[in-house]
Amino acid sequence: MGAVAAPPLPRFRSLVKRLFDDVNYLYVIDRAEQQLAKLLGLVLVVVMVAATFQLVWQVGFALSVPDTPWLGDKLNRVLGDLLNLLIAVEVLQNITSYLRRHVVQIELVLLTAMTAVARKVIVLPAGAESKPQLLAGLGVAVLALAAAYWLVRSLTLRKPPRRTGPAIRIRGRDR
């Protein structure tokens, strides 16, 4: 009876050790982030195109009906859909900015959040004035986002961010 060959465990350990070396690990993580951001951007573009066609179709159909009440719920829905598309465009800008600079731009994220809160305020249904907690919460959200944006913007104007590129693959050991 022949002996069963031992698995190549030392080679596997060497591969794992090289993969989890700090420089190689950061490189793999950076590449995975980039590919994921590209995939998310592509999915977002597909969703935006579909939503745009749906919005154009709905507005075109509403225009073909002579008695469409535009000054009410219909206008709120159209404005809400338009602002949703605008928010999607801003999110896509966040993704493409990340792919270009390899850093999340907090200013864009805060502006997107402010647009989302503004959308919520604009499309509030009739009778929302009877919900003071909702209105107070939206007011606090607006103030907090505006303060955060002002703080980030003032700090950015004083001192630009340091990291402007992907993790650098260096052959030497980390000191």
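Helix 2 and helix 3 cross with a left-handed sense (left-handed: the near helix is turned anticlockwise from the far one by less than a right angle; right-handed: clockwise). The model is predicted: local features need pLDDT of at least 70, side-chain atom pairs count only at pLDDT 80 or more, and totals for chains, interfaces and linings use all residues. Residues are numbered from 1 along each chain as its sequence is written, and side-chain values use heavy atoms, with hydrogens and water left out.

**Overall build**

- Along the sequence, the pattern reads α-α-α-α-α.
- Of the 175 residues in the protein, 21% are buried (buried is under 20% relative accessible area, exposed over 50%, partly exposed in between, with a 1.4 Å probe and protein chains only).
- Take the contacts between residues at least 6 apart in sequence: 70% of them join residues at least 24 apart (contact: heavy atoms within 4.5 Å).

**Helix 2 against helix 3**

- Helix 2 spans residues 22–64 and helix 3 spans residues 73–101. Their axes come within 10 Å and cross at roughly 160° (axes are lines fitted to C-alpha atoms, for helices over the stretch in contact; angles run from 0 to 180 degrees between N-to-C directions).
- That angle makes helix 2 roughly antiparallel to helix 3 (under 35 degrees is roughly parallel, over 145 roughly antiparallel, 65 to 115 roughly perpendicular, the rest oblique).
- By class, the contact of helix 2 with helix 3 has 19 nonpolar, four polar and four charged residues (nonpolar: Ala, Val, Leu, Ile, Met, Phe, Trp, Tyr, Cys and Pro; charged: Asp, Glu, Lys and Arg; polar: the others, Gly among them).

**Leu40**

- Leu40 sits in helix 2. Leu40 is partly exposed, at 46% relative accessibility.
- Leu40 and Leu92 are 52 residues apart along the chain, and their C-alpha atoms are separated by 8.7 Å.

**Salt bridge**

- Side chains of opposite charge can pair when their charged atoms come close.
- A search of the whole structure finds one salt bridge (a side-chain nitrogen of Lys or Arg within 4 Å of a carboxyl oxygen of Asp or Glu).
- Arg153 and Glu107 form a salt bridge through their side chains, at 3.1 Å from N to O.
- The pair links distant parts of the chain, 46 residues apart. Arg153 lies in helix 5 (residues 132–158), and Glu107 lies in helix 4 (residues 106–122).
- Arg153 is partly exposed at 35% relative accessibility, whereas Glu107 is buried with a relative accessible area of 17%.

Definitions and conventions:
Helices (H or I, at least four residues) and strands (E, at least two) are DSSP runs, numbered from the N terminus.
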